[in-house]
Amino acid sequence: ESENDVNEELLENENNSNEDVNENENDVNEEPSYLLNIYDPRTWDGLDTKMRDLLVENGPKRDENFKFPVDKESRRFSYVYYVQMLPNGETRDRKWLVYSKELDKVFCFYCKLFKFMNTKSTLATDGVNDWKHLGAKLKQHENSVEHLTNLRACVELQVRLNKNSTIDKELQEQIKSNTKHWKHVMLRIIVVVKCLATHNLAFRGTHEKIYEDGNGNFLGILEMIAEFDPIMEEHF
(Lines give C-alpha, C1' and ligand atoms only; values in the text may rest on other atoms or scores of the structure.)
Protein backbone atom coordinates (compact mmCIF):
# COMPACT_ATOMS: atom_id res chain seq x y z
CA GLU A 1 0.00 0.00 0.00
CA SER A 2 2.88 2.35 0.82
CA GLU A 3 4.39 1.68 -2.61
CA ASN A 4 1.05 2.40 -4.30
CA ASP A 5 0.72 5.68 -2.42
CA VAL A 6 4.18 6.71 -3.58
CA ASN A 7 3.38 5.81 -7.20
CA GLU A 8 0.10 7.74 -7.10
CA GLU A 9 1.87 10.77 -5.67
CA LEU A 10 4.56 10.63 -8.37
CA LEU A 11 1.91 10.29 -11.07
CA GLU A 12 -0.02 13.26 -9.69
CA ASN A 13 3.12 15.41 -9.59
CA GLU A 14 3.93 14.44 -13.19
CA ASN A 15 0.45 15.39 -14.35
CA ASN A 16 0.66 18.74 -12.57
CA SER A 17 4.05 19.35 -14.15
CA ASN A 18 2.69 18.56 -17.62
CA GLU A 19 -0.22 20.93 -17.08
CA ASP A 20 2.19 23.73 -16.13
CA VAL A 21 4.26 23.05 -19.25
CA ASN A 22 1.17 23.08 -21.44
CA GLU A 23 0.02 26.37 -19.91
CA ASN A 24 3.45 27.89 -20.52
CA GLU A 25 3.41 26.63 -24.12
CA ASN A 26 -0.01 28.15 -24.63
CA ASP A 27 1.24 31.48 -23.26
CA VAL A 28 4.21 31.38 -25.64
CA ASN A 29 2.01 30.48 -28.59
CA GLU A 30 -0.50 33.21 -27.81
CA GLU A 31 2.07 36.02 -27.79
CA PRO A 32 3.14 35.81 -31.46
CA SER A 33 -0.50 35.78 -32.62
CA TYR A 34 -1.00 39.09 -30.82
CA LEU A 35 2.09 40.53 -32.44
CA LEU A 36 0.95 39.32 -35.85
CA ASN A 37 -2.39 41.07 -35.40
CA ILE A 38 -0.57 44.37 -35.01
CA TYR A 39 0.59 44.10 -38.61
CA ASP A 40 -2.96 43.72 -39.93
CA PRO A 41 -4.25 47.10 -41.20
CA ARG A 42 -7.71 46.44 -39.77
CA THR A 43 -6.31 47.11 -36.28
CA TRP A 44 -4.43 50.32 -37.07
CA ASP A 45 -7.22 52.81 -36.45
CA GLY A 46 -7.09 52.12 -32.71
CA LEU A 47 -3.32 51.97 -32.27
CA ASP A 48 -1.64 54.07 -29.63
CA THR A 49 1.59 55.96 -30.28
CA LYS A 50 3.77 53.14 -28.95
CA MET A 51 2.27 50.56 -31.30
CA ARG A 52 2.47 52.95 -34.25
CA ASP A 53 6.14 53.57 -33.53
CA LEU A 54 6.70 49.80 -33.44
CA LEU A 55 5.11 49.44 -36.85
CA VAL A 56 7.16 52.26 -38.33
CA GLU A 57 10.37 50.80 -36.92
CA ASN A 58 9.72 47.31 -38.28
CA GLY A 59 7.89 48.27 -41.44
CA PRO A 60 4.95 46.44 -43.05
CA LYS A 61 4.92 42.64 -43.28
CA ARG A 62 4.22 40.68 -46.44
CA ASP A 63 3.34 36.99 -46.65
CA GLU A 64 5.07 35.13 -49.45
CA ASN A 65 3.32 32.47 -51.55
CA PHE A 66 -0.09 33.28 -50.09
CA LYS A 67 -3.09 32.09 -52.13
CA PHE A 68 -5.40 35.09 -52.38
CA PRO A 69 -9.15 34.32 -52.35
CA VAL A 70 -11.33 34.81 -55.42
CA ASP A 71 -14.26 37.23 -55.22
CA LYS A 72 -17.74 36.94 -56.77
CA GLU A 73 -16.43 38.28 -60.08
CA SER A 74 -13.68 35.61 -60.17
CA ARG A 75 -11.02 38.25 -59.49
CA ARG A 76 -8.36 38.34 -56.79
CA PHE A 77 -5.43 40.33 -55.49
CA SER A 78 -2.05 39.44 -56.98
CA TYR A 79 1.62 39.92 -56.12
CA VAL A 80 1.88 41.78 -59.44
CA TYR A 81 0.32 44.83 -57.76
CA TYR A 82 3.30 45.09 -55.43
CA VAL A 83 5.41 46.17 -58.42
CA GLN A 84 5.26 49.72 -59.77
CA MET A 85 6.19 50.26 -63.42
CA LEU A 86 8.15 53.49 -63.93
CA PRO A 87 7.97 55.58 -67.15
CA ASN A 88 11.55 54.59 -68.03
CA GLY A 89 10.69 50.87 -67.93
CA GLU A 90 12.24 50.20 -64.54
CA THR A 91 10.29 48.68 -61.65
CA ARG A 92 9.93 49.65 -57.99
CA ASP A 93 8.63 47.65 -55.06
CA ARG A 94 5.47 49.16 -53.57
CA LYS A 95 6.57 48.56 -50.00
CA TRP A 96 3.73 50.77 -48.80
CA LEU A 97 1.05 48.44 -50.19
CA VAL A 98 -0.33 46.18 -47.44
CA TYR A 99 -2.78 43.30 -47.85
CA SER A 100 -5.15 42.27 -45.05
CA LYS A 101 -5.93 38.54 -45.10
CA GLU A 102 -8.79 39.06 -42.67
CA LEU A 103 -10.55 41.65 -44.84
CA ASP A 104 -9.26 40.65 -48.30
CA LYS A 105 -8.45 44.31 -48.91
CA VAL A 106 -5.35 46.41 -49.51
CA PHE A 107 -4.24 49.57 -47.69
CA CYS A 108 -1.48 52.17 -47.90
CA PHE A 109 0.94 51.73 -45.00
CA TYR A 110 1.82 55.43 -44.84
CA CYS A 111 -1.66 56.85 -45.31
CA LYS A 112 -3.36 54.41 -42.95
CA LEU A 113 -1.00 55.35 -40.12
CA PHE A 114 -0.67 59.08 -40.84
CA LYS A 115 -3.94 59.84 -42.63
CA PHE A 116 -5.55 63.27 -42.70
CA MET A 117 -8.75 63.82 -40.74
CA ASN A 118 -10.69 64.60 -43.94
CA THR A 119 -9.00 62.04 -46.20
CA LYS A 120 -11.01 60.71 -49.13
CA SER A 121 -8.61 57.90 -49.98
CA THR A 122 -10.08 54.45 -49.30
CA LEU A 123 -6.53 53.09 -49.14
CA ALA A 124 -6.21 55.12 -45.92
CA THR A 125 -9.61 54.25 -44.46
CA ASP A 126 -11.75 51.22 -45.35
CA GLY A 127 -9.35 49.57 -47.77
CA VAL A 128 -9.78 48.61 -51.43
CA ASN A 129 -10.92 45.30 -52.94
CA ASP A 130 -11.92 46.54 -56.38
CA TRP A 131 -9.41 44.28 -58.12
CA LYS A 132 -10.65 45.23 -61.60
CA HIS A 133 -9.61 48.88 -61.19
CA LEU A 134 -6.90 48.43 -58.57
CA GLY A 135 -4.00 49.19 -60.93
CA ALA A 136 -5.41 52.60 -61.82
CA LYS A 137 -6.26 53.36 -58.19
CA LEU A 138 -2.72 52.55 -57.04
CA LYS A 139 -1.17 54.71 -59.75
CA GLN A 140 -3.41 57.62 -58.85
CA HIS A 141 -2.74 57.19 -55.14
CA GLU A 142 1.06 57.01 -55.28
CA ASN A 143 1.13 60.25 -57.29
CA SER A 144 -1.15 62.11 -54.89
CA VAL A 145 -0.07 64.92 -52.57
CA GLU A 146 -1.61 63.12 -49.61
CA HIS A 147 0.50 60.00 -50.17
CA LEU A 148 3.69 62.02 -50.56
CA THR A 149 2.93 64.00 -47.38
CA ASN A 150 2.29 60.84 -45.34
CA LEU A 151 5.41 59.24 -46.79
CA ARG A 152 7.45 62.17 -45.49
CA ALA A 153 5.77 61.94 -42.08
CA CYS A 154 6.69 58.27 -41.85
CA VAL A 155 10.31 58.90 -42.86
CA GLU A 156 10.66 61.73 -40.34
CA LEU A 157 9.38 59.43 -37.59
CA GLN A 158 11.82 56.72 -38.70
CA VAL A 159 14.66 59.20 -38.36
CA ARG A 160 13.59 60.14 -34.84
CA LEU A 161 13.22 56.50 -33.81
CA ASN A 162 16.49 55.40 -35.41
CA LYS A 163 18.86 58.32 -34.95
CA ASN A 164 21.92 56.18 -35.62
CA SER A 165 20.60 54.43 -38.74
CA THR A 166 20.23 55.67 -42.29
CA ILE A 167 17.00 55.88 -44.27
CA ASP A 168 16.42 53.16 -46.83
CA LYS A 169 18.17 54.22 -50.06
CA GLU A 170 15.20 53.22 -52.20
CA LEU A 171 12.92 55.28 -49.99
CA GLN A 172 15.22 58.27 -50.38
CA GLU A 173 15.10 57.91 -54.15
CA GLN A 174 11.31 57.68 -54.05
CA ILE A 175 11.00 60.90 -52.05
CA LYS A 176 13.43 62.65 -54.39
CA SER A 177 11.55 61.40 -57.45
CA ASN A 178 8.13 62.38 -56.09
CA THR A 179 9.36 65.84 -55.11
CA LYS A 180 10.83 66.39 -58.57
CA HIS A 181 7.61 65.16 -60.19
CA TRP A 182 5.40 67.62 -58.28
CA LYS A 183 7.76 70.48 -59.05
CA HIS A 184 7.27 69.77 -62.75
CA VAL A 185 3.49 69.59 -62.29
CA MET A 186 3.41 72.91 -60.46
CA LEU A 187 5.60 74.51 -63.14
CA ARG A 188 3.11 73.56 -65.84
CA ILE A 189 0.14 74.79 -63.81
CA ILE A 190 1.86 78.14 -63.16
CA VAL A 191 2.59 78.57 -66.89
CA VAL A 192 -1.08 77.95 -67.72
CA VAL A 193 -2.20 80.43 -65.06
CA LYS A 194 0.19 83.09 -66.37
CA CYS A 195 -0.98 82.51 -69.94
CA LEU A 196 -4.67 82.93 -69.06
CA ALA A 197 -3.98 85.97 -66.89
CA THR A 198 -1.84 87.63 -69.58
CA HIS A 199 -4.59 87.28 -72.19
CA ASN A 200 -7.32 88.14 -69.69
CA LEU A 201 -9.14 84.84 -70.26
CA ALA A 202 -11.62 83.21 -67.90
CA PHE A 203 -10.35 80.24 -65.89
CA ARG A 204 -13.57 78.38 -65.11
CA GLY A 205 -16.36 77.06 -67.25
CA THR A 206 -19.84 75.86 -66.31
CA HIS A 207 -18.36 72.91 -64.38
CA GLU A 208 -14.98 71.40 -63.42
CA LYS A 209 -15.19 67.88 -64.84
CA ILE A 210 -12.18 66.67 -66.82
CA TYR A 211 -12.65 65.84 -70.51
CA GLU A 212 -16.15 67.29 -70.71
CA ASP A 213 -17.29 70.25 -72.76
CA GLY A 214 -17.69 73.51 -70.87
CA ASN A 215 -15.09 72.82 -68.17
CA GLY A 216 -13.26 76.10 -68.87
CA ASN A 217 -9.96 77.30 -70.29
CA PHE A 218 -7.79 76.21 -67.36
CA LEU A 219 -8.76 72.51 -67.43
CA GLY A 220 -8.99 72.58 -71.23
CA ILE A 221 -5.37 73.68 -71.63
CA LEU A 222 -4.16 71.17 -69.04
CA GLU A 223 -6.00 68.41 -70.92
CA MET A 224 -4.25 69.49 -74.13
CA ILE A 225 -0.83 69.45 -72.39
CA ALA A 226 -1.55 65.96 -71.01
CA GLU A 227 -1.92 64.62 -74.56
CA PHE A 228 1.78 65.33 -75.25
CA ASP A 229 3.35 65.51 -71.79
CA PRO A 230 3.99 62.23 -69.84
CA ILE A 231 4.14 64.11 -66.52
CA MET A 232 0.66 65.62 -66.82
CA GLU A 233 -0.66 62.46 -68.46
CA GLU A 234 -0.40 60.69 -65.10
CA HIS A 235 -3.06 63.02 -63.69
CA PHE A 236 -5.51 63.00 -66.60
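Which residue's backbone oxygen lies 3.3 Å from a polar atom of the side chain of N215? The residue is E212.

## Model and conventions

This is a predicted model: local features need pLDDT of at least 70, side-chain atom pairs count only at pLDDT 80 or more, and totals for chains, interfaces and linings use all residues. Residues are numbered from 1 along each chain as its sequence is written, and side-chain values use heavy atoms, with hydrogens and water left out.

## Overall fold

The protein has 8 helices and 4 strands. Both are DSSP runs numbered from the N terminus: helices are H or I with at least four residues, strands are E with at least two. Along the sequence the order is α-α-β-β-β-β-α-α-α-α-α-α.

Of the 236 residues, 31% are buried. Buried means under 20% relative accessible area, exposed over 50%, and partly exposed in between (1.4 Å probe, protein chains only). The protein exposes about 16100 Å², with 50% of it supplied by carbon and sulfur atoms. Those areas come from the Shrake-Rupley method with a 1.4 Å probe; for residues, only the protein chains shown count as cover. Contact means heavy atoms within 4.5 Å. Among contacts between residues at least 6 apart in sequence, 52% join residues at least 24 apart.

## N215 and its loop

N215 sits in the loop between α6 (169-198) and α7 (216-226). N215 counts as buried because its relative accessibility is 6%. Its side chain makes a polar contact with the side chain of E223, at 2.7 Å. A polar contact is a pair of N or O atoms within 3.5 Å; within protein, one must be able to donate a hydrogen and the other to accept it, and residues adjacent in sequence count only if both atoms are side-chain atoms.

Neighbours within four places in sequence aside, N215 touches G205, H207, K209, I210, G220 and E223.

## Helix α5 and L157

Helix α5 covers residues 145-161 and contains L157. The helix has 17 residues and reaches 24 Å from its first C-alpha to its last, close to the 24 Å expected at 1.5 Å a residue. That expected span is 1.5 Å times one less than the number of residues. Its buried residues are E146, H147, L148, N150, L151, C154, V155 and L157.

L157 counts as buried because its relative accessibility is 4%. Beyond neighbours within four places in sequence, L157 is in contact with R52, D53, V56 and F114. L157 and D53 are 104 residues apart in sequence, yet 7.8 Å apart in space, C-alpha to C-alpha.

## Positive phi in two loops

Most residues other than glycine have a negative phi. D104 has a positive phi of about 55° and is not a glycine. D104 is in the loop between β3 (97-100) and β4 (105-108), and at 15% relative accessibility D104 is buried.

N200 also has a positive phi of about 55° without being a glycine. N200 lies in the loop between α6 and α7. At 70% relative accessibility, N200 is exposed.

## Largest pocket

The largest pocket holds about 730 Å³ of space. Its lining has 25 residues, of which Q84, M85, L86, P87 and E234 are closest to its centre. On a 1 Å grid over the protein atoms alone, a pocket is an open set of points where a 1.4 Å probe fits, with protein on both sides within 12 Å along at least five of seven lines; lining residues have an atom within 4 Å of a point. Grid points are joined across faces, edges and corners, and the volume is the space filled by probe spheres set on the points.

β1 (83-85), β2 (91-93), α4 (134-142), α6 and α8 (230-233) each supply at least two lining residues. α6 gives the most, with 6.
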